[in-house]
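Open the model in your viewer and keep the sequence panel beside it. The tour moves from one selection to the next and says what is found at each stop.

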Amino acid sequence: MAFEAEKEKYKIALSTTRDVRNLVDSAFENAIKDFSTEKTKLKDTLVKLEKKLSDLEKTGNSLTKLDNQHTLLGKSGLLWSDPIQDKTPLHDQLMQTYSWTQKLNAQAKIATESLKRHHVLDSDNVEPAVKRPLKENLFVPQSTLKQIVEQLKKTFPKLTIRWNKIAGVSLLEVSVKLTLNAIIILRGCTIDRVMIKAIHETSEDKDEFMQCSKYKTFNKMTDIANAAAFHYSQCGDSKKSLNNLLNWLTYYEKLFSEKCIKCKKHLQKDADGNVLPPCWIDFETLRLYHLQCRPS
């Protein structure tokens, strides 16, 4: 109710102001046109003007100060916040940017024409690009792979090694006795990926051999094994890196029996709160550590 009453006062004030402006215009017109001695029209206009000014003054005194509120005046109340052009030189900046862009385009065209004139390529003299031969170890015959597997079996008698091909993917299945199964996916002789699973998790089904293990310990070991494969591949010899990785895997036979070298405990919580055995085998010393205990 108070809002409506205040709004009505502003309407009256605006209406009175409009009447005052009209009366002022009329007073000046009568002052010019009325040359009679009594000047009745001018007097009447001035009397009305005096009354309207008095009403406007009374209405103005009864109004409440807005304090920068524009709710009563609607959108017109925002006019007071209209920025000064000097404080917002956006137009000048846009014009300057446009001019600079036009000059840049012109200079770019000149540079392009100059390059065409001075660096004409003669297609007859251009030698065709020489194709680099692909690495031979990416295309290894199956017979060669079988020979490599037989050699690995002799080198690592503690491991059970099988070569298999599932869904067109060549892989080695390496079993560490009573501990784990490692699936080494190969591209030729190069290690592409390693997956670690529990000893009872088989990979005979082509839809399951790429799936992760059900156990957090072996999923963590998958990450470690891939890091080891990357580390050993730095030598540049795919056969040597494969040998080094299998040698590294043999030390997991102590996973559930040997304690961590640093903390002398078997089980330890990792950063995620999982209780794990010492599943980190150092790539150089081949000693077991918990992830948080491994040497930096």
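How many bridges join strand 1 (residues 159-166) to strand 2? Select both strands in this predicted model. Eight bridges join them, and the two strands run antiparallel. Now go to the hairpin of strand 1 and strand 2, which has two residues between the strands. Ala167 in this hairpin takes a positive phi near 55 degrees.

Stay with strand 2 (residues 169-176) and colour it by accessible area. Seven of its eight residues are buried, so the strand is mostly covered.

Strand 2 pairs with strand 3 in the antiparallel sense, over seven bridges. Here Leu172 stands opposite Ile184 in strand 3. Three residues lie between the strands in this hairpin, and Leu178 takes a positive phi near 60 degrees.

In soluble globular proteins, nonpolar side chains tend to be buried together.

Next, select Phe218, found in helix 5 (residues 216-232). Is Phe218 buried or exposed? Its relative accessible area is 7%, and buried means under 20%, so Phe218 is buried. Show what surrounds it: leaving out residues up to four places away in sequence, Phe218 touches Thr179, Leu180, Ile196, Lys197, Ala198, Ser213 and Phe256. Lys197 is 21 residues from Phe218 along the chain, yet their C-alpha atoms are separated by 5.5 Å.

For the last stop, display helix 5 together with helix 6 (residues 238-250). Two packed helices are described by the angle between their axes and the distance between the axes. Helix 5 and helix 6 pack at an angle of about 145 degrees, and their axes are 9 Å apart. Their crossing is right-handed. Which residues meet here? From helix 5 come Ile224, Ala225, Ala228, Ala229 and Tyr232, and from helix 6 come Ser241, Asn244, Leu245 and Trp248. Of the residues in this contact, seven are nonpolar, two are polar and none is charged.

Finish on Trp248. Apart from neighbours within four places in sequence, Trp248 is in contact with several residues, among them Ile281, Asp282, Phe283 and Leu286.

How values were computed. Residues numbered from 1 in each chain as written. Predicted model: local features only at pLDDT ≥ 70, side-chain atom pairs only at ≥ 80, totals over all residues. Heavy atoms only, no water. Buried < 20%, exposed > 50% of the residue type's maximum accessible area, 1.4 Å probe, protein only. Helix = DSSP H or I, 4+ residues; strand = E, 2+ residues; numbered from the N terminus. Pairing = 2+ DSSP bridges. Contact = heavy atoms within 4.5 Å. Axes fitted to C-alpha atoms, helices over the stretch in contact; angles between N-to-C directions. Left-handed = near helix turned anticlockwise from the far one by under 90°. Nonpolar A, V, L, I, M, F, W, Y, C, P; charged D, E, K, R; others polar.
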